[in-house]
Amino acid sequence: MSGGAVAAVDLGATSGRVIVGHVDQPAGRLELDQVARFTNGPVRMASGLHWDFTGLYRDLTRGLAGAFRREPGVASIGIDSWAVDYGMLRGGRLLGEPFHYRDARNDAAVERVHARVPFADLYRRNGLQFLPFNTVYQLAAETEGRGGWLGLADSLLLIPDLIGFQLTGAKVAERTNASTTGLVDVATGEWDDDLIAELGLPASVFAPLVDPGASLGALRPDIAAELGAPGGLEVVAVGSHDTASAVVAVPMKAESAAYISCGTWGLVGVELEHPVTTDAAREANFTNEGGVDGRVRFLHNVMGLWLLSESVRWWERDGETVDLPELLAAAASVTSPVAVFDANDPRFLAPGDLPGRIAEWCAEHGVAAPESRAEFARSIIESLADAFADAVRTASVLSGIDVETIHVVGGGALNELLCRRTADRAGIPVLAGPVEATAIGNVLVQARAQGFAEGDLESLRALVARAFAPTRYEPSGR
């Protein structure tokens, strides 16, 4: 077994990256080289809130071309992104820009789905927590009202699979991301054909499921030429849901640890061998999503750093620049008590005046609202830390895992105040890092497929632990 290089396309809700990963497991080498970074975000059109998929594809292919210029020996490409959103095709052509999961079209669709299949039954079958933007509700919205593409489509592909199709021509559904649609049987890991029929959805649009590590095939010759890639270079399915890739790179002992993949969302949970679909898990709104190597990501979605980033965007709407490090330093210096609000309140989901909505929540609950921006930032951090700690405790009770440490990966690992306050509120140590966990997990699954690494997830995590030492935060008792 010798080392080599792979290219990871890692797409988040606010930005995307192309990263070349170098892996040599026997030598303990795991290095990332960011080649390109580009913005990503919603575009409001007359039909609603969409993704600029065309622009996103342009930027990521430019990034891949840069990766092959920098490292001609790249052996494969892997793609991960956020979950639930999709594009629809007819005859290989995309039927419009994909809807954004924060679009309001889903609201009425929830009731239509639950009228056909009550949520308790839905949870027993798909194991997913209730989120109004899960694919199952988005597809119900396609059948009525705005959209209407479902009746025209012959294929439906989630975002990473849609990109893979553009690169290779292969139509597949990678299993970890498909598990977030609400249409995969939590017990078998296969499409739930009966559920799809009950909801009046066309079964023919759903692509065959594949596991992380499977080859999608070679780049189309014209695409390879455009990227400067060697002929026959393959695209490999990774844990294409970004959290699935991130969890691969959490350097944890799954039997005694919880993880928080913290970025736009905070995904808080534990890794299990089998799903938990009890009434208690449903009532706690915990989800069972597919992980790499058949593991189960038993977790709860918390609103995440979206609360802070969207507040900053709101403050900057008139052209003013808010320096985030300065804001967080000011937040850390706040000594007076601040409001701790419910970070999971649905009112915080949509873009817009989040500071105003936080103040509204405080007024409704008889709590003094923050006044300065530093107090708002501190209130957000405290509320997130409280939600994270509560989710960890609930995950421990529901799963039976005695959580001794919490691993924070993703962008939130850089937020010292958030990590400290999470440790304080949970009363157990927080280990922060790696920041680029999603890209690392993407790289490692490819590397194993290419023979640059081997072994189970524990072996891959040992390599992560050697290459990226975490920062430890002990609880202070405050």
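The residues that line the second largest cavity divide into seven nonpolar, two polar and one charged. In this classification, Ala, Val, Leu, Ile, Met, Phe, Trp, Tyr, Cys and Pro count as nonpolar, Asp, Glu, Lys and Arg as charged, and the others, Gly among them, as polar. A cavity is a set of points, on a 1 Å grid over the protein atoms alone, where a 1.4 Å probe fits but cannot get out, and lining residues have an atom within 4 Å of a point.

This is a predicted model, in which local features need pLDDT of at least 70 and side-chain atom pairs count only at pLDDT 80 or more, while totals for chains, interfaces and linings use all residues. Residues are numbered from 1 along each chain as its sequence is written, and side-chain values use heavy atoms, with hydrogens and water left out.

The second largest cavity holds about 60 Å³ of space; a volume is the space filled by probe spheres set on the grid points, which are joined across faces, edges and corners. Its lining is made up of T135, L156, L157, L158, D161, A173, T181, W191, F206 and A207. Strand β9, residues 155-158, gives the most to this lining, with three residues. Helices (H or I, at least four residues) and strands (E, at least two) are DSSP runs, numbered from the N terminus.

The structure holds four cavities of 30 Å³ or more, and the largest cavity has about 70 Å³ of space. Among the residues lining the largest cavity are G78, P160, D161, E174 and V236. At least two lining residues come from each of β6 (74-80), α5 (159-168) and β13 (234-236), and the largest share, three residues, belongs to α5. By class, the lining of the largest cavity has seven nonpolar, three polar and two charged residues.

I turn now to a pocket, that is, an open set of points with protein on both sides within 12 Å along at least five of seven lines. About 400 Å³ of space lies in the second largest pocket. Of the 24 residues lining this pocket, R175, G189, G290, G294 and R295 are the closest to its centre. Two or more lining residues are given by α6 (175-178) and by β16 (287-290), with β16 giving the most, three residues. The lining of the second largest pocket comprises seven nonpolar, ten polar and seven charged residues.

In α3, residues 119-126, the buried residues are F119, L122, Y123, R125 and N126, where buried means under 20% relative accessible area, exposed over 50% and partly exposed in between (1.4 Å probe, protein chains only). Why do they lie on the same side of α3? They cover an arc of only 165 degrees around the axis, which puts them on the same side of the helix; the arc is that of the directions from the helix axis to the C-beta atoms. These buried residues pack against α2 (106-116), α4, α7 (193-198), α10 (279-283) and β16, with contact meaning heavy atoms within 4.5 Å. Just after α3, G127 takes a positive phi of about 70 degrees.

Finally, E144 is placed in the loop between α4 (135-143) and β9. E144 is partly exposed, with a relative accessible area of 44%. The C-alpha atoms of E144 and R105 are separated by 9.7 Å, although these residues are 39 residues apart along the chain.
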